Amino acid sequence: MVVLAAAICTKNGKALLSRQFSEMTKSRVEGLLAAFPKLIGLGRQHTFIETENIRYVYQPLESLYIVLITNKNSNILEDLETLHLLAKLVPEYSNFDEYDISKNAFELVFTFDEVIAMGYKERVTLQQIKHFISMESHEEERFRMEEKIKQKEAQILASSKAKEIERIRHEEMLKGRRSGYGGMGGGGMGSGGYSPLDSSPYGGSGKSSPYNSGGGMGNSQYGGGNRDNDNYNNNNNNNNNNRDRDSPSTSRPSAASSGLQGMKLGGKSGLNKNSAIAQVLKEEKIVEKVEDVEQLLDSQISQIPETPTVPQEGVHITVEESFTSFVESDGTVESIDIKGGLSVQVNDQSLGKVKVNLKQGKLSKQFQFITHPNIDKALFGEQSVLRLKDGIKGFPGGGILKWRCKTNEESMMPIRVNCWPSPGRDSTTVNLEYDCLVGYELKSVFIVIPNPTSNAPIINQFDGLYEYDNKQKCVIWKIPLIDDSNRQGSMEFSVKGNTQSFFPVKIQFTASHTICDTIVGSVFVEETNQSTNFSTETTLSVDTYEIK
């Protein structure tokens, strides 16, 4: 067996779907996927990770990962080919978000089965797989026809039964009417002869009519009036017996009073998620103790910035942008790649169709913009207005506007970091400094510097916070927030090692402003051309920022 499982998970290791091609328990799969993000590290450039027994082959899908879990004897080139084919198939059936992946999980699993069989890649192309998935099964169509026939037969049978019940009820009503009027010919005006059918306000049976209370001439030898009374008395006795059985004095003892306990839902299970992760990490010899697992999990969680929830209005607009850059150790910018996108979600359907007006700054002229096919491209080019074409009812999911800029200009960098290792007689002194080049705030800034030795460095000076990761052998310089008060900062530490061993330096940060300098100015309702309230959620994150 080569490919053990193919899965899609979030960047935090949450499994959205997984297709196993070997016998694996659910806790094992969840443990492997939960441990996967802990092994990637910040800004890792490889597409695979090897542990003691298995290999992860992965590819980012915006905010998700598609992962192949294989054994170490598999052909890495064939695994990469399989991974790329799966990555091309996923957007054919789903968008890159958790809800859509879960909604289309079965279609995605079917495509996985077409690509991989018994752990080995099938010799198929993308067009062949799409054709196979779209094919209709003759057996399935016949089953559907049989189900429709059964439903029609059941409806006809139910209709005939209803008619038969109605006929029987009508006949019984006629019989009761004849027997009631027949009581008058039995030697007097019996209690069942007048009141039960026509004059009684208590219903057709007359069981609780005042005329059946025993007064008058209603006797057993005169008509059938007292037979109804007997039935009424019997019903009363049955009702009394039922009330006696249901009374609290004769009820059965409860489970709590008898000491019995039922099944409790939501309690702590014997094997929670962290223990599953610990088991996987211990098997792969990544950690040796459970305490080390907790420390690793805590350190990883602390590096994930908390994203506050934004209250959503009738129109909610999400703007996301990612930054990728590679810089030489001497400060020369090798490449910068900025990608962004905008999506619109109409929460208040009563608004109908809306149009979004954008405000674009000077930097936006260096970006290339692409609109969704359902958006009026000409109007956007002339007035920077996002409007649906005529005949389109709603905004599509997955974004309506994308932009990109590839350059090597330093002015497009939100923050610049310099690393200067200076070798000495006994140790090397490493000086780091950052310079924020933008006017907006940067949050959760992490600068990770590798430590070439097993000795902890001596921190001489630092701005902000720092942490030394003994297991990863790196120094993590943390600046929680960069604003006007700390646009520049520095750090200095000493440790043994040559100058090149302190690279690559990896940088992470987030912001609530885009480099593209594109913001939402206003939102209008098309029918009335009046502005409406809207909410925005803007996120700038780092895909890869590395000084090598």
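Q: Before we start on this predicted model, what does it take for two strands to count as a pair?
A: Strands here are DSSP runs of E with at least two residues. For two of them to pair, DSSP has to find enough bridges between them, and the cut-off is at least two bridges.

Q: Which residue in S23 does Lys506 stand opposite?
A: Let's start with the strands involved. Strand S21 covers residues 505-511, and S21 pairs with S23 in the antiparallel sense over four bridges. Lys506 has its opposite number in S23, and that residue is Glu546.

Q: S23 also pairs with strand S8, so is that pairing parallel or antiparallel, and over how many bridges?
A: S8 takes in residues 315-327, while S23 takes in residues 534-547. The pairing of S8 with S23 is parallel, over 13 bridges.

Q: What is the bridge partner of Val356 in S12?
A: Have a look at strand S10, residues 354-360, which is joined to S12 by two bridges. The two strands run antiparallel. In S12, Val356 has as its bridge partner Leu386.

Q: Why do H2 and H4 count as roughly antiparallel?
A: Helix H2 spans residues 76-93 and helix H4 spans residues 105-115, and their axes come within 10 Å. An angle over 145 degrees counts as roughly antiparallel. H2 and H4 therefore get that label, as their axes cross at roughly 150 degrees.

Q: Which residues of H4 make the contact with H2, and how does the contact divide by class?
A: The crossing of H2 and H4 is right-handed. On the H2 side you'll find Thr82, Leu85, Leu86, Leu89, Val90 and Tyr93, and on the H4 side Glu107, Leu108, Thr111, Phe112 and Val115. By class, that comes to eight nonpolar, two polar and one charged residues.

Q: What is the orientation of H4 and H5 to each other?
A: Helix H5 (residues 126-134) has an axis that comes within 10 Å of the axis of H4, and the two cross at roughly 130 degrees. The crossing is right-handed. For roughly antiparallel the angle would have to be over 145 degrees, so H4 and H5 are oblique.

Q: Which residues of H5 meet H4?
A: H4 brings Phe110, Thr111, Glu114 and Val115 to this contact. Counting both helices, the contact has five nonpolar residues, one polar and one charged. The H5 residues are Ile129, Phe132 and Ile133.

Q: Is Met118 buried or exposed?
A: Met118 is in the loop between strand S6 (116-117) and strand S7 (120-121). Its phi is near 55 degrees, a positive value in a residue other than glycine. The cut-off for exposed is over 50%, and Met118 has 64% relative accessibility, so Met118 counts as exposed.

Q: What is the relative accessible area of Asp517?
A: Asp517 lies in the loop between S21 and S22. Phi of Asp517 is near 60 degrees, a positive value in a residue other than glycine. Asp517 is partly exposed, with a relative accessible area of 27%.

Key:
Residues are numbered from 1 along each chain as its sequence is written. This is a predicted model: local features need pLDDT of at least 70, side-chain atom pairs count only at pLDDT 80 or more; totals for chains, interfaces and linings use all residues. Side-chain values use heavy atoms; hydrogens and water are left out. Axes are lines fitted to C-alpha atoms, for helices over the stretch in contact, and angles run from 0 to 180 degrees between N-to-C directions. Angles under 35 degrees count as roughly parallel, over 145 as roughly antiparallel, 65 to 115 as roughly perpendicular and the rest as oblique. A crossing is left-handed if the near helix is turned anticlockwise from the far one by less than a right angle, and right-handed if clockwise. Contact means heavy atoms within 4.5 Å. Ala, Val, Leu, Ile, Met, Phe, Trp, Tyr, Cys and Pro count as nonpolar, Asp, Glu, Lys and Arg as charged, and the others, Gly among them, as polar. Buried means under 20% relative accessible area, exposed over 50%, partly exposed in between (1.4 Å probe, protein chains only).
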